[in-house]
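Hi,

Here is the structure I promised to pass on.

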Amino acid sequence: MAVYDLAFGPFAEFGFMRRALVGCLALALGGGPIGTLLVIRRMSLMGDALSHAVLPGAALGFLLGGLSLPAMSLGGVCAGLAVALLSGLVTRLTPLREDASFAAFYLISLALGVLLVSTHGSNVDLLHLLFGSILAVDDTALMVIGAIATLSLLALAVIYRPLVVECFDPDFLRVVGGHGGLVHTIFLGLVVVNLVAGFQALGTLMAVGLMMLPAAAARFWVRELWALGVTSSALALASAFLGLLFSYHLDLPSGPAIVLVAGVAYFGSVLLGPRDSLCALYIRGGRLEA
Amino acid sequence: MCSGLSLDSDCLGFVVSPSSPRALSLQGVTLAYDGQPAVQDLSGSFAQGSLTAIVGPNGSGKSTLLKGIVGLLQPVDGLIQQSAFGCGRIAYLPQHAEIERRFPISVIQTVLLGHWRRIGWARAASPEVREAAQRALAAVGLQGLERRPIETLSAGQFQRVLIARLIAQDAALILLDEPFAAIDWRTGDDLLRLIAGWHEDGRTVAAVLHDLDQVRAYFPETLLLARECVAWGPTREVLTPRNLQRARRMSGNWSVEPEEYRPVPA
C-alpha cells in the first residue's frame with residue numbers, strides 16, 4: 001500500500017497534480033508524433049530554437065495579461081511563427097543557410113524576451129516563464145492544451161502522407177506537384193503550437209525536452225514510423241508521471257524533473273534498447289537479418 | 001519508329017518541319033546557378049515518342065537541363081513548354097537523389113509513391129494500384145523484397161527501387177539522369193530493355209548518358225550539349241568527330257570567370 005500511496009497518492013489527493021498529469025498527457029499525445037518527425041527531418045535543434053523564440057511573445061502576453069494562458073499562448077504563437085517565417089524568408093532570399101538564419105532570429109527573440117521580463121516584471125516572473133509553474137495549470141489551461149493536442153493530431157492525420165514524402169524525397173514531391181512548401185509551413189506551425197501548449201507546465205526552456213527526448217529514445221525500440229510516434233508518446237507520458245511524482249515528493253521544480261526523467265529514459269534506451277543500442281550492437285555482437 | 005524533329009537554325013543550319021507532335025519544346029532556354037550560366041540559349045524540341053540521349057562534356061549542363069524541364073530549377077530566360085500530351089505526367093530519375101536513405105519506409109511503400117497521381121494526399125491504395133506496384137517491382141527484379149526497409153538495401157538495389165517507382169508513375173515523358181552510373185552490369189541490361197519497352201509504348205524518353213557506344217547502339221536521337229547546343233538530331237549526324245571536337249573546345253573555356261566568357265565562334 002505504501003507504493004500505492006507514493007505513486008498514486010499525490011494524484012488522488014490534489015487537483016493540481018491531476019490537472020498537471022492530464023495536461024502532460026495531452027502534451028505527450030500531440031508532441032510524440034511531432035517530435036518523431038522533427039528527429040527524422042533532422043530538425044531537432046530547430047525545435048529547440050523555436051521553443052526559445054516563443055519567449056518574447058509569451059513575455060508580452062504575460063506583461064499585458066498576467067499569468068493568463070490565452071494571452072501568453074497567443075503571444076507565444078505569434079512570436080514563434082514570426083521567427084519561423086522570417087528565417088525562412090531570409091534563407092530563401094539570401095545565401096544564408098537555414099540553420100544560421102534560424103539561430104540568428106531565435107537568439108534575438110530570446111534576448112528580447114529576457115529583456116522585457118527583467119525590466120517590466122520580477123525575477124520570479126522570469127522563472128515562471130522559463131521553467132513553468134505547474135500550479136498555474138487550471139481548467140482553462142487544460143482545455144487549451146487539450147484543444148491544441150486534438151488539433152495537432154487531426155492536422156497531422158491530414159498532411160501525414162505529403163509530410164512524410166517531403167521529408168523522404170522532397171524533389172519527387174515537387175515533380176509530382178504535392179505542395180511541399182505548404183506542408184512544411186503547416187508542420188512548423190504545429191511545432192510552434194505544441195511548444196506553446198507545453199510552456200505553461202514546463203516553461204519555455206523545457207517544453208521542447210518532452211517533445212525531443214522521448215522521440216530520440218523511441219528509435220532504439222521500434223522501427224516503423226507510426227510505431228515511433230506511439231512509443232514516443234508513451235515514453236513522454238511515463239516521464240511526465242514519474243517526473244511529477246519526484247517533483248512532488250522531493251520538492252523540485254516540475255519542468256526540469258520531468259525532462260530529467262525523460263533524459264534517464266533516453267540514456268537507458270541508448271544503452272540497453274532492443275534496436276541498435278550500444279548493448280545490442282557491441283556486446284551481443286549485433287544481429288543478422290535475412 | 002519514325003519521329004520527326006524540329007531543329008533550330010542555331011544548331012545545324014537548317015530547319016526540318018515536324019512530322020509528329022512535340023512532347024516538349026524549348027525556346028531560348030537559359031538556366032543558371034548563382035549567376036553562372038549552366039545552359040545557354042537552348043532551343044529545340046523532343047518529339048512525341050522520341051528516344052533521345054543527352055551527351056556532352058562534364059559541366060555541360062545536362063543534369064541542369066533535366067532539372068529545368070521537371071521544374072526543380074526555374075529558367076533565367078526562355079520558355080519550356082510541355083505539350084498537352086504530356087499533361088504534367090513527367091517521371092524523373094535524378095543522378096544523386098537527395099533521399100533520406102535511413103528513412104523508415106519499406107520498398108513497396110516507396111514504389112507505391114509512384115502512384116501519387118492516383119492516390120494523392122489521402123486516398124488509400126486500391127488492390128489494382130498495389131498489383132501495379134508489385135509488377136513494377138518484378139520488372140526490376142526485386143520481387144519478394146516488398147517489406148524490406150530501404151536502409152537495408154545496397155546502392156544498386158535502391159536504384160532499382162527508384163526505377164520501379166518510375167515505372168509505377170506510368171508517365172508520358174520519362175527523364176533519366178545518368179541511370180547507368182550506380183548499377184551493375186545485369187541491371188544495366190535490364191534497364192536498356194525497359195527503355196526499349198517505353199519507346200515501344202510511345203512514351204517520350206530522354207536520358208543523360210556518358211557511354212557513346214551505348215548511345216550509338218540504342219538511342220535514335222541525340223542532343224550534344226556544351227552549355228550551348230552543339231548539335232541535336234539523329235545520332236549518326238550528331239556524334240561526328242567534328243561535333244565532338246567542337247564540344248570539347250567549347251568546354252575548354254569554362255574555367256574562365258563569367259565576365260571573361262566569350263561564346264566560341266561556330
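Predicted model: local features only at pLDDT ≥ 70, side-chain atom pairs only at ≥ 80, totals over all residues.

Residues are numbered from 1 along each chain as its sequence is written, while chains are lettered from A and ligands numbered from 1 in the order in which they are written.

Let's start where the chains meet. On chain A, 20 residues are in contact with 20 residues of chain B (contact means that the C-beta atoms, placed from the backbone, lie within 7 Å). Helix 8 (139-168), helix 9 (170-176) and helix 11 (225-249) of chain A each give at least two residues to the side that touches chain B. Helices (H or I, at least four residues) and strands (E, at least two) are DSSP runs, numbered from the N terminus. Helix 9 of chain A has the largest share of that side, with six residues. By class, the side of chain A that touches chain B has eleven nonpolar, two polar and seven charged residues; Ala, Val, Leu, Ile, Met, Phe, Trp, Tyr, Cys and Pro count as nonpolar, Asp, Glu, Lys and Arg as charged, and the others, Gly among them, as polar.

Now for chain B. Six of its strands make an open sheet with mixed pairing, in the order 5-6-7-3-8-9 (two strands pair if DSSP finds at least two bridges between them). Strand 5 (90-93) and strand 9 (228-234) of chain B are the edges, each pairing on one side only. Strand 6 (residues 173-177) and strand 7 (residues 204-208) of chain B run parallel and are joined by five bridges. In strand 7 of chain B, B:T204 is the bridge partner of B:L173.

And the helix pair? The axes of helix 5 (residues 127-139) and helix 6 of chain B come within 8 Å and cross at roughly 135°. Axes here are lines fitted to C-alpha atoms, for helices over the stretch in contact, and angles run from 0 to 180 degrees between N-to-C directions. On the helix 5 side of chain B, B:A132, B:A133, B:A136, B:L137 and B:A139 meet B:A164, B:I167 and B:A168 of helix 6. Those contact residues divide into eight nonpolar, no polar and no charged.

Cheers

Notes. Contact = placed C-beta atoms within 7 Å.
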